[in-house]
Amino acid sequence: MNKAKLALMTAALLGALSAQAQNLAKSDQQMLEQLAQGNMAEIEAGKIALQKSQNTEVKAFAQQMIDDHTKGLQEVQSVAQSKGVTLPSEPDAKHKAMASKLNNLSGDAFDRTYLDQAGVSDHKKTHALVQKVQTKAKDADVKALAAKLEPTVAQHLTHVTQLSASIKGSKGTASGSSGTAGATGSGMDNQSGAAKRPGAMPDKASGNTDNPQNKQNPTTQPPAPVK
């Protein structure tokens, strides 16, 4: 095959793809781009979480995000290619800013921010997007793509909502328990909470005959001398 014929075939193929893209509604193209952006952002954030988080549950969730959203991105790319749509090759400015923020955090602050933003917030947006595509898209293949992605996104949202609440709850419980233990163990006897409070007065109603505050006890003053 000579170069001239190859060039003609390439031009014809590109022309066909261009025609397909023109036939695809502009709104459908934008939806495909948004779906791609969402998947790329989750993959990037998941990779950061694998490196920075020390929590095994968070790391497991991050790995699931990488695996599932890589598959999701491939599905989007396949439909986009068949429609002649060129997708972005990297996350947008908003998601790059989120990645930068995550890279500057560590420990519990990282886990909470990752789960809140890349987890709960972004999955709410993506879930709303796939529902919108199913009802608003004009192309049947784009609609079918959204329907295929929706159950996975819904599962992610449920999972990360529960995980985020669990992480926050465990931190709050640990902090509260520590404070309670400190208050309970400080200056208190195992048998009586009042026994070791500084300056605490003995119980007036007790049967302790050495207690001068007990009205049932005889006076502690020495008896008057007999004249």
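**Helix packing and salt bridges in a predicted model**

Helices α2 and α5 are roughly antiparallel to each other, because the angle between them is about 160° and angles over 145 degrees count as roughly antiparallel.

**How α2 packs against α5**

- Helix α2 covers residues 26–52 and helix α5 covers residues 107–136, and where the two pack, their axes are 10 Å apart.
- The crossing in which α2 passes α5 is left-handed.
- On the α2 side the contact is made by M31, Q34, L35, E42, A45, G46, I48, A49 and K52, while α5 contributes F110, Y114, A118, D122, H123, L129, V130, K132, V133 and K136.
- Sorted by class, the residues in this contact of α2 with α5 comprise 11 nonpolar, three polar and five charged ones.

**Salt bridges between helices**

- Side chains of opposite charge can pair when their charged atoms come close.
- The count of salt bridges in the model comes to five.
- One of them joins the side chains of E75 and K148, with 2.9 Å from N to O.
- Since E75 belongs to helix α3 (residues 56–82) and K148 to helix α6 (residues 140–185), this pair ties together parts that are 73 residues apart in sequence.
- E75 is partly exposed, with a relative accessible area of 29%, whereas K148, with a relative accessible area of 51%, is exposed, because the class of exposed residues begins over 50%.
- Another salt bridge is formed by the side chains of K168 and D116, at 3.3 Å from N to O.
- This pair, too, links distant parts of the chain, as K168 lies in helix α6 and D116 in helix α5, 52 residues apart.
- K168 counts as partly exposed at 40% relative accessibility, and D116 likewise counts as partly exposed at 29%.

- E90 and K96 form a salt bridge in which the closest N and O atoms are 3.0 Å apart.
- E90 is partly exposed, its relative accessible area being 43%, and K96 is partly exposed as well, with a relative accessible area of 41%.

How values were computed
Residues numbered from 1 in each chain as written. Predicted model: local features only at pLDDT ≥ 70, side-chain atom pairs only at ≥ 80, totals over all residues. Heavy atoms only, no water. Axes fitted to C-alpha atoms, helices over the stretch in contact; angles between N-to-C directions. Helix = DSSP H or I, 4+ residues; strand = E, 2+ residues; numbered from the N terminus. Parallel < 35°, antiparallel > 145°, perpendicular 65-115°, else oblique. Left-handed = near helix turned anticlockwise from the far one by under 90°. Contact = heavy atoms within 4.5 Å. Nonpolar A, V, L, I, M, F, W, Y, C, P; charged D, E, K, R; others polar. Salt bridge = Lys/Arg side-chain N within 4 Å of Asp/Glu carboxyl O. Buried < 20%, exposed > 50% of the residue type's maximum accessible area, 1.4 Å probe, protein only.
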